[in-house]
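Reader: I am new to this structure, and I would like to understand how the words used for it follow from the values. Could we go through them with care?

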Amino acid sequence: MAVRQADVVLVGGGVMSATLGMMLRQLDPSLDIVMVERLDHVAHESTDGWNNAGTGHAGYCELNYTPETDDGDVAIERALNINAQFELSLQLWSYLVEQGILPEPNNFINQTPHQSFVWGEDNVKFLKRRWERLKAHHLFQEMEYTESFEKLEEWMPLVVQNRDHGQKVAATRIQHGADVDFGSLTRSMVKWLETQPNFELMLNSPVTYLDQLDNGSWALRVKNQKTGETTKLEANFVFLGAGGGALPLLQKSGIDEARGYGGFPVSGQWLVCQKPEIVKAHNSKVYGKAPIGAPPMSVPHLDTRIINGKPALLFGPFAGFTTRFLKQGSIFDLFGSVKANNLKPMLSVSKNNMDLTRYLIGEVFQSHKARVNALRNFFPDAKEEDWTLQMAGQRVQIIKEAPGGGGKLEFGTEIVAAKDGSLAALLGASPGASTAVNAMIDVLERCFPEKVKTEQWQERMRELVPSYGQSLVDDAELLHKVRERTLSTLKLR
């Protein structure tokens, strides 16, 4: 068996591993990095454009990030934090474009206004209060609000075309929103990494074994599915960025920090329209309110998308129940993830989320007609024959132990790291890819603490991400400075 020594092994060829690999290469070019991917090319699962919302989640239009409070107010803290985290991603991408590492921005990111749209008196009151709260903060000061049909005809013509003018409606808009093709972005990053010394990409190579050695380093075995050859990898640091495949690998690691974690898999589907005259008539991302009982990833939205250079309109996603952790996974993934240390939290979540399970199963059995009827809330003139159904990616929501010994379902992303810093894994879903840079900074600070403290890494981090170590939520002047640069460099204004 061939043995390959490395400093870093990145498991999974998605946006998270690519971002971490890129940042490590910029911080220390001497590091020997191996990326292993079980499929025949990178960014083919959760990161792929057809499997990812692509919104550039910034909290501008996603109403689930700003829940209504019991006293009728709107909580905006999560939207502020997510927006600030997305700004970190924009800063790194801007640096990579300026250095010629990434191609012209329109190859992976395009200006697409982010809009929220609601109907009904209560929802209009909510949206107006949300706008008032957000606009008062410097991160959202450019947000516009309207209840005017005339203005909406300008903002979102398909949405209000032939809509009853007696209906109470409202919308908000941020013009510098983005559509991000995370698949193209990731493939560009990995393509550049492959040109660098001390970097190797191993495709068709799932991890079959993972164990920590006595000296603290990790041993992995990967088997090439084409040649049948098994390679043993030994590395000082391992990152599990394998989407839905990260949880089973984290469990294999046996680290104490993995105890109690489980996963709740959710599938998704899009209605897709590629009819040129319809696609050209809508240039925005329009998000509404999620149905009661729906997971946050199922917030309905009518999306302009540019995937692999081709424009399309997507509506959805329609969630569904699945036992697979990956789109190309096994129906036994969920059952195989049940362990003695997470059985109680998983049973607790199953018991307490029956409404969610019923909702997901109901989504699976919806007819094409029913899905198009849902679309007509956003596009009244939609015709069934213009839209086709396409599978979206799998998402594995986090289940973890709750105080008191039960379990709770988490609808976010989370880094789980070994206390010795030798291994880290990313679990969860939304906001996911949009906040990849913030998540990987977290990995660097927790797993390379001594190096991050050095003057060399501190200086380099500020070159990659100029606002590093400072708060964009608190510092308006800093936000305006970095945003001016990123919107200009990435051609988002």
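Author: Let us begin with exposure: a residue is called buried under 20% relative accessible area, exposed over 50%, and partly exposed in between, with a 1.4 Å probe and protein chains only. The model is a predicted one, in which local features need pLDDT of at least 70 and side-chain atom pairs count only at pLDDT 80 or more, while totals for chains, interfaces and linings use all residues. Residues are numbered from 1 along each chain as its sequence is written, and side-chain values use heavy atoms, with hydrogens and water left out.

Reader: What makes the phi of asparagine 198 worth a remark?

Author: Its phi is positive, about 60°, although asparagine 198 is not a glycine. Most residues other than glycine have a negative phi. Asparagine 308, in the loop between β14 (301–307) and β15, likewise has a positive phi, near 55°, and with a relative accessible area of 46% asparagine 308 is partly exposed.

Reader: How do you know that the peptide bond from glycine 316 to proline 317 is cis or trans?

Author: Omega for that bond is near -5°, and the bond is cis; proline 317 belongs to strand β15 (residues 310–321). Most peptide bonds are trans.

Reader: Why is α6 described as largely enclosed by the rest of the structure?

Author: The description holds because 10 of the 12 residues of α6 are buried, among them Phe182, Leu185, Met189 and Trp192. The buried residues pack against α1, β2 (33–36), α2 (77–98), β7 (178–180) and β8, where contact means heavy atoms within 4.5 Å.

Reader: What makes serine 17 a buried residue?

Author: Serine 17 has a relative accessible area of 0%, and because buried means under 20%, serine 17 counts as buried. Serine 17 is in helix α1 (residues 15–27) and, leaving aside neighbours within four places in sequence, is in contact with residues including Leu10, Met35 and Phe239.

Reader: Why is serine 337 called buried, too?

Author: Serine 337 has a relative accessible area of 1% and is therefore buried, although the residue lies in the loop between α9 (333–336) and α10 (343–352). Beyond neighbours within four places in sequence, its contacts are Leu247, Gln251, Phe325, Asn342 and Met346.

Reader: Why is phenylalanine 365 called exposed?

Author: Phenylalanine 365 reaches 68% relative accessibility and so counts as exposed; its place is in the loop between α11 (354–364) and α12 (368–375).

Reader: How many disulfides are there?

Author: The count comes to 0 disulfides, where a disulfide is a pair of cysteine sulfur atoms within 2.5 Å. Cysteine 61, at 0% relative accessibility, counts as buried, and cysteine 447 is buried with a relative accessible area of 9%.

Notes: Helices (H or I, at least four residues) and strands (E, at least two) are DSSP runs, numbered from the N terminus.
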